[in-house]
Amino acid sequence: MAAVCQIGPGRHEPVPRSPGQSGRPTRRSQPSPAAILQVDVARIGGTVCLRLQGELDLSSADEVRAAMTRAAAPSVIIDLTGCTFMDAAGLGALLELRRAAQARGGDVHFEGARGMVRRVFEVVGLDGMLLG
């Protein structure tokens with residue numbers, strides 16, 4: 001299945017910093033030495049995409065939560081293509097975000113999980129949540 005959340009030149013619109021603003025560059029988190037995770041947030045049509053690059057674990061899960069809050073969208077695609085590591089805390093954060101979105105009438109979809117990140121979803125029986 002082809003990826004839905006392709007971020008690159010000409011493929012996305014930046015997510016505004018606050019309602020009513022537009023034209024700002026795509027946000028990028030600045031990874032700290034303790035948390036090696038970068039989160040790019042983009043709007044593709046009416047969908048918000050969070051693209052994760054690096055390690056999603058206990059020390060970086062709050063960065064994903066913060067990006068979701070900034071995105072302020074009912075439905076989000078989380079692109080895990082660049083995610084190289086995920087532990088139980090990272091998976092828990094993703095599932096927490098999905099439950100919160102569903103409670104608001106939206107949803108969170110996951111795509112691009114590879115290698116050990118995909119294996120985490122498989123081990124806990126959640127690989128059916130992956131789009132591709």
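The following questions and answers go through some terms used for this predicted model.

User: What should I know about the numbering and the model before I start?
Analyst: Residues are numbered from 1 along each chain as its sequence is written, and side-chain values use heavy atoms, with hydrogens and water left out. Because the model is predicted, local features need pLDDT of at least 70 and side-chain atom pairs count only at pLDDT 80 or more, while totals for chains, interfaces and linings use all residues.

User: Why is S60 called buried?
Analyst: Buried means under 20% relative accessible area, exposed means over 50%, and partly exposed lies in between, with a 1.4 Å probe and protein chains only. S60 has 2% relative accessibility, so S60 counts as buried. This residue, S60, lies in the loop between β4 and α1.

User: How do you know which span to expect for helix α2?
Analyst: Helices (H or I, at least four residues) and strands (E, at least two) are DSSP runs, numbered from the N terminus. The expected span of a helix is 1.5 Å times one less than its number of residues. Helix α2, residues 88-103, has 16 residues and reaches 22 Å from its first C-alpha to its last, close to the 22 Å expected.

User: Why is the pair of F110 and F121 called tilted?
Analyst: Rings of Phe, Tyr and Trp (its six-membered ring) pair if their centres lie within 6.5 Å, and planes under 30 degrees apart count as stacked, over 60 as edge-to-face and the rest as tilted. A search of the whole structure finds 1 aromatic pair. In that pair, F110 and F121 are 5.6 Å apart centre to centre with 50 degrees between the planes, so the pair counts as tilted. F110 belongs to strand β6 and F121 to helix α3, 11 residues apart.

User: What does L80 touch, and what makes each a contact?
Analyst: Contact means heavy atoms within 4.5 Å. Leaving out residues up to four places away in sequence, L80 touches L52, L94, F110, E111, G112, A113, V117 and F121.
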